[in-house]
Amino acid sequence: MRLDAVRDIAVGLARGLRGAVLGLGMAMAACSSVPTRASMNQVTLPASDARVQYTGRTYRSGAGIVFSHPGVTVRVRFWGDALRMRLLDAGAGGEVGTNYFDVVVDGAAPRLLAVRGGEHTYPLATGLAVGLHTVELIKRTESSVGPSTLVALEVHGELREPPPRPGLRMEFVGDSITCGYGSEVALRPESSSWVAPVFTSKNENPRRGHAWLTALKLGAEPVLVCYSGHGVYRNLDMSTSGLLPALYELAVPGHSAGWDFSRDSPDVIVINAGTNDVFAGSGTDAFLPDEASFKSAYRAFLQRLRTLHPRAHIVCTLGSMTDGFKQLEMKGAVTSVHVGQWITDLVVERQHQGDARIYRHWMDVQNPGVDGVGEDWHPSAATHAKMADALSRFIQDVVRP
């Protein structure tokens, strides 16, 4: 063998040995950077840490991150074996005033968490195998139950970057139906005089509601902006403060902090509003909603949404507790109105003005005898599932975001 060939072989072997040693060193360094149970510490991180991912309306206060809408989700990923949170809650307690959350660990079935008023520490995940874990905290109850403030997270290990968000963003604006009011129960009316049970916060679950289910079917990130009893131009109790168009401007209802609309704009906005405008006025001269007042308020809201979200697809719907028809019989004379038709008129009006990204979706009225009802005659989970099927098909086939 020639001398230069022998030299080349020797040089190659030396380089290979150095590469193997370097690779082994890098692998050992990588392994040493991963915490073991013996080396892990309890680390407290503020709720404002950039690695804590929020979906839904929030704002930052001196105490932490404040939120109140149902469906607001806190998502964290960490290397370790346990996670706790410090939460300051404003709920008054009891059957109506207790806030509830779903806790989801690594995609498993949710665990129901009831929280107490004041500041307390709650375990979210314990006794896990040391490794990479994802925990989601989803608020089930709505703003009327009281806002919650996430103060801090306590990780036994290390917090990591959160998982990527879905590509499609959807926003659902509405009332108790969008909130998932009473969706944890399903009862069949026994007679025409049957009285449905009233609201309890434990039975409110947006994840069984049509909004959340629609987003899930479309692979989208859902944001809910909703409040029971509130309408477009009048609320169920006939008051006119805190109407849905005004609440839309806020990060948290009842707090002065406005929502930052410079954040990522939704691709699709679904408005399911007007049910309370229809049902209000029982026993009064204003039993029937006023067409001019409703249309003026709804028209202004649509214009505001288009100004804030120039590229969003806006879907207007109503239901499933009513399609908007209401009539009054007095002294043999029958007078009727149809809020659902008014919504159609307003959508057509905007389309004629050149808005090509607004749509009217008709929602079927619920069938209590077949699907049952939730609390206070609200849609059952079965009805919500049908609503989501129809709405998601409409968005896929007609809207096509």
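Which elements cover the buried residues of α8? Those elements include α6 (275–279), α7 (291–308), β14 (313–317), β16 (333–338) and β17 (358–360).

## Basis of the description

This is a predicted model, in which local features need pLDDT of at least 70 and side-chain atom pairs count only at pLDDT 80 or more, while totals for chains, interfaces and linings use all residues. Residues are numbered from 1 along each chain as its sequence is written, and side-chain values use heavy atoms, with hydrogens and water left out.

Helices (H or I, at least four residues) and strands (E, at least two) are DSSP runs numbered from the N terminus.

Helix α8 spans residues 339–352 and has 14 residues. From its first C-alpha to its last it reaches 20 Å, close to the 20 Å expected at 1.5 Å a residue; the expected span is 1.5 Å times one less than the number of residues. Within α8, the residues V339, G340, W342, I343, T344, L346, V347 and R350 are buried. Here, buried means under 20% relative accessible area, exposed over 50% and partly exposed in between (1.4 Å probe, protein chains only). Just after α8, G354 takes a positive phi of about 105°.

The axes of α7 and α8 come within 10 Å and cross at roughly 45°. Axes are lines fitted to C-alpha atoms, for helices over the stretch in contact, and angles run from 0 to 180 degrees between N-to-C directions. The two helices α7 and α8 are therefore oblique to each other, since angles under 35 degrees count as roughly parallel, over 145 as roughly antiparallel, 65 to 115 as roughly perpendicular and the rest as oblique. From α7, the residues E291, F294, K295, Y298, R299, L302, Q303 and R306 meet V339, W342, I343, D345, L346, E349 and R350 of α8; contact means heavy atoms within 4.5 Å.

## Strand β10 and its partners

Strand β10 (residues 148–160) is largely enclosed by the rest of the structure, because eleven of its 13 residues are buried. Two strands pair if DSSP finds at least two bridges between them. Strand β5 (residues 73–89) runs antiparallel to β10 and is joined to it by twelve bridges; R84 has E154 of β10 as its bridge partner.

Strand β1 (residues 42–46) also pairs with β10 in the antiparallel sense, over five bridges, and Q42 has H156 as its bridge partner in β10. Three bridges join β4 (residues 65–67) to β10, again antiparallel, with V66 bridged to T149.

## Residue T214 in helix α4

T214 lies in helix α4 (residues 210–218). At 0% relative accessibility, T214 counts as buried. Leaving aside residues up to four places away in sequence, T214 touches M170, F172, A388, L391, S392 and I395.

## Backbone features in loops

A cis peptide bond, with omega about 20°, joins G319 and S320. S320 is placed in the loop between β14 and β15 (325–330).

The loop between α9 (368–371) and α10 (381–399) contains D376, and W377 is likewise in the loop between α9 and α10. Phi is near 55° for D376, a positive value in a residue other than glycine, and phi of W377 is near 65°, also positive in a residue other than glycine. D376 is partly exposed, with a relative accessible area of 27%, and W377 counts as partly exposed at 33% relative accessibility.
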